[in-house]
Amino acid sequence: MLALIAGSCNASVAPPVEPNLGIVPAPANVERLGGYFLLNKATVIEASGYDAIHCATLLNDYLGKAYGITLQVKNESSIPPRAHVIRFDLRANTSPPEGYSLQSSHNGVTIVSNDGAGLFYGLQSLMQMTDAAFKPPVQGVPIQVELPCANIQDAPRFPYRGLHLDCGRHFFPVAFIKTYLDLMARYKLNTFHWHLTEDQGWRIEIKRYPLLTSVGSIRSQTVTGHEGGSNQYDGKSYGGFYTQDEIRDIVEYARLRYITVIPEIEMPGHSLAALTAYPYLGCTGGPYAVATHWGVFPDVFCPSGDSTFAFLENVLTELMQLFPSHYIHIGGDECPKIRWEHDPRDIALMKSLGDTSADQLQSYFIGRIEKFLNDHGRDIIGWDEILEGGLAPNATVMSWRGEAGGIAAVKLHHKVIMTPGNWLYFDRGQGIPANEPLNIGGYLPLSKVYSYDPVPAVLPDSEKQYILGAQANVWSEYMASPEKAEYMILPRMLALAEIDWTPLEKKDYGDFLARLPAQLSWMDQQGYFFRIPEPLGLSDSLTTQDRILVKLTPPLPGTRMYYSLDSAATVSSTLYTSPVLLTLQANRPDTLHVVEVSPAGNTSVDYHAVFMRKEVLKPKPGARPATGLNLKGHRDTIRVSLKRHRVHPGPDGKELAKVNSLGMAGKIRPLQPT
Ligand code: TNX
């Protein structure tokens, strides 16, 4: 049957396939047609002009690695008749900015866009469709991929689709930054916010101030464990910085992937490393030491000394030569004012400016830097604290302490990038805190990231345009290696991508989850250290039955699951092959532990769920029948503790409520009667 329909495309016989063809972020419009296009080594790529040829080269790189084939690249006039063609066509006025259309039919694929970015995103969709269509090659049969026939019309919801990386707390090598950019490009993120200076390390070479890197990039040691925990230090000096050549290389690497790199030089706070290198920049004159633990430090750039501004302007001048981005991020967050309030020169400056608070001095600081950058044709982005004491006239605000700062800035008709901590801080934990590897804290599962809408509901339509988009922040206090950073962003960055790209009315978490396994398999094959999600079916349960059958499904195909009861699972525990029957004692919780091992050998943390049988108490005559735990009016994410719950019988007198884990944050839902 397949053979009969292959090769013909026809809307009326569309087979029931995944509606978005496996593509993340989901395209704005996909019309699935019947039939397939057979991509094989005889397929020809049609491309002329810089952007199209660039896409052709990238497609050949991809096909070479995935299938060992390289396609011929030709221009329109030299395409042989009847050839099957993948065409990259840059044509004016064919799509919104960064948008594209992709048509696959039985004799080829055509990707059309206005701009190079759109062609590139069409290519990303094509490569993901190809991944999704992959079937292991059969020996002796020439390699071919059956690409579904379809019409895609696609364009991003927001112009700013960002991912940040803090290279101050930990230094990430150039090769990893490129990996990061590759991941961003695959998921159509277009802005890399590169956080380059911190209290714990200055990471960018500035020729005029060599001590910034020879002194400021090195700390004597690093706190181990969680800040505020045991306060142990590793006793090892730690450092690293990017040379200007490396920076140019990265900016170019990003450009080829249609990613803008926005550098951040933190000021006036988070500047201890710079002060250590050049103590005259601080109010007390030092001596200072590059920070060895995390937090907010009182020593910051001193606004009264003209030498501070001369220094910063010189640094920014070199920075602008390296980064062509329209925006320069100047930080502005978490700046204690205590030194300013006690420094006679700063007090005098405040008086001369007519300031009544030190916040206004911060505003003066940012305003002066903004003017300098504006005079050089650039605009600033700052964290939402730059609103305090008065916002610099042309500043774009990055709202991180919730959405309030962003909303306030929109009301002033300033542009805003949403990065609220509760939804988009990828330094927070992704699962039950006790199980996750060391992180900054909090609970930010994939579903919560996905639920975020960058446009606050309170904004009227006329003001929505000020929201440029959303960005996730990756603060690296607890990410000492590339592997750890990958674990923290994967798969959450896929949810970010969909927030930023997919039209709101098309977003659908269930559909996203259906596309996720194939993406996880891709990450696995590529050797990424992603977080393997919890096995499906492993969730805390309270029941009246004395036995419960636990059926587990791995979150990506081919993953092995090993389980044990009441103690942590390891790869030596029992291999899961069929549903596990648990016999439950009354009122005694049993815990099922599972670890997962992906086909490429990635191992998950130990996941567990609690199962308990509760004896049913007869409801008192006349008592209101309970349909579960009565939590009406509570926030839906709460801390629950099995021990503390009053358990109510369900409406049929049999079923109880299903609750989430002992002491973990989670959703509470009534059980479906069985
Ligand atoms: C706050 S977000 C900070 C960072 C920390 C982060 C940890 C922001 C502008 N400042 O310096 O790394 O919290 O989540």
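## Histidine 270

Histidine 270 is found in the loop that runs between β14 (260-267) and α7. The model described here is predicted. The backbone of histidine 270 has a positive phi of about 45 degrees, although the residue is not a glycine. Most residues other than glycine have a negative phi. With a relative accessibility of 3%, histidine 270 counts as buried, because the cut-off for that class is under 20%. Histidine 270 is also one of the residues that surround the ligand.

## The ligand site

Which residues surround the ligand? Besides His270, they are Arg169, Asp333, Glu334, Trp383, Trp400, Tyr425, Asp427, Ile440, Trp475 and Glu477. Sorted by class, this shell holds 5 nonpolar, 1 polar and 5 charged residues.

Aspartate 427 places a polar side-chain atom 2.6 Å from an oxygen atom of the ligand. For glutamate 477, a polar side-chain atom likewise lies 2.6 Å from a ligand oxygen atom. Glutamate 334 has a polar side-chain atom 3.4 Å from a nitrogen atom of the ligand. The ligand taken alone exposes 360 Å², and the protein buries 91% of that area.

## Aromatic pairs and a cluster

How many aromatic pairs does a search of the whole structure find? The count is 29. One of them joins tyrosine 180 and phenylalanine 192, with 5.7 Å from centre to centre and 65 degrees between the planes, an edge-to-face arrangement. Tyrosine 180 belongs to helix α4 (residues 174-186) and phenylalanine 192 to strand β9 (residues 191-195), so this pair ties together parts that are 12 residues apart in sequence. Tyrosine 180 is buried at a relative accessible area of 1%, and phenylalanine 192 is buried at 0%.

In a second pair, the ring centres of tyrosine 450 and phenylalanine 512 are 4.8 Å apart and the planes meet at 35 degrees, so the pair is tilted. This pair links distant parts of the chain, since tyrosine 450 is in helix α14 (residues 446-450) and phenylalanine 512 is in helix α18 (residues 509-526), 62 residues apart. Both tyrosine 450 and phenylalanine 512 are buried. Tyr180 and Phe192 also belong to one aromatic cluster, together with Phe171, Phe172, Phe176, Trp194, Tyr242 and Phe323.

## Charges over rings

The charged end of arginine 257 is placed over the ring of tyrosine 253, at 3.5 Å from the ring centre. Lysine 448 lies over the face of tryptophan 423, 5.3 Å from the centre of that ring.

Serine 104 is part of strand β5 (residues 100-105). Is serine 104 buried or exposed? Its relative accessible area is 2%, so serine 104 is buried, the limit being under 20%. The serine 104 side chain reaches the backbone oxygen of proline 148 at a distance of 2.7 Å.

Leucine 275 is located in helix α7 (residues 272-277). Leucine 275 is buried, with a relative accessible area of 0%. Between leucine 275 and aspartate 299 there are 24 residues of separation in sequence, while their C-alpha atoms are 8.0 Å apart in space.

## Cis peptide bonds

Most peptide bonds are trans. The bond from valine 24 to proline 25 is cis, with omega near -5 degrees. Proline 25 lies in the loop between α1 (2-5) and β1 (29-40).

A further cis peptide bond runs from glycine 286 to proline 287, with omega near 0 degrees. Proline 287 is in the loop between α7 and α8 (306-322).

## Asparagine 93

Where is asparagine 93 placed? Asparagine 93 is in the loop between β4 (85-90) and β5. This residue has a positive phi of about 55 degrees, although it is not a glycine. Asparagine 93 has a relative accessible area of 76%, so it is exposed, the threshold for that class being over 50%.

How values were computed
Residues numbered from 1 in each chain as written. Predicted model: local features only at pLDDT ≥ 70, side-chain atom pairs only at ≥ 80, totals over all residues. Heavy atoms only, no water. Phe/Tyr/Trp six-rings, centres within 6.5 Å; stacked < 30°, edge-to-face > 60°. Helix = DSSP H or I, 4+ residues; strand = E, 2+ residues; numbered from the N terminus. Buried < 20%, exposed > 50% of the residue type's maximum accessible area, 1.4 Å probe, protein only. Lys NZ or Arg CZ within 6 Å of the ring centre and 35° of its normal. Near = heavy atom within 4 Å. Polar contact = N/O pair within 3.5 Å; in protein donor to acceptor, adjacent residues only side chain to side chain. Areas by Shrake-Rupley, 256 points an atom, 1.4 Å probe, with all protein chains shown as cover. Nonpolar A, V, L, I, M, F, W, Y, C, P; charged D, E, K, R; others polar.
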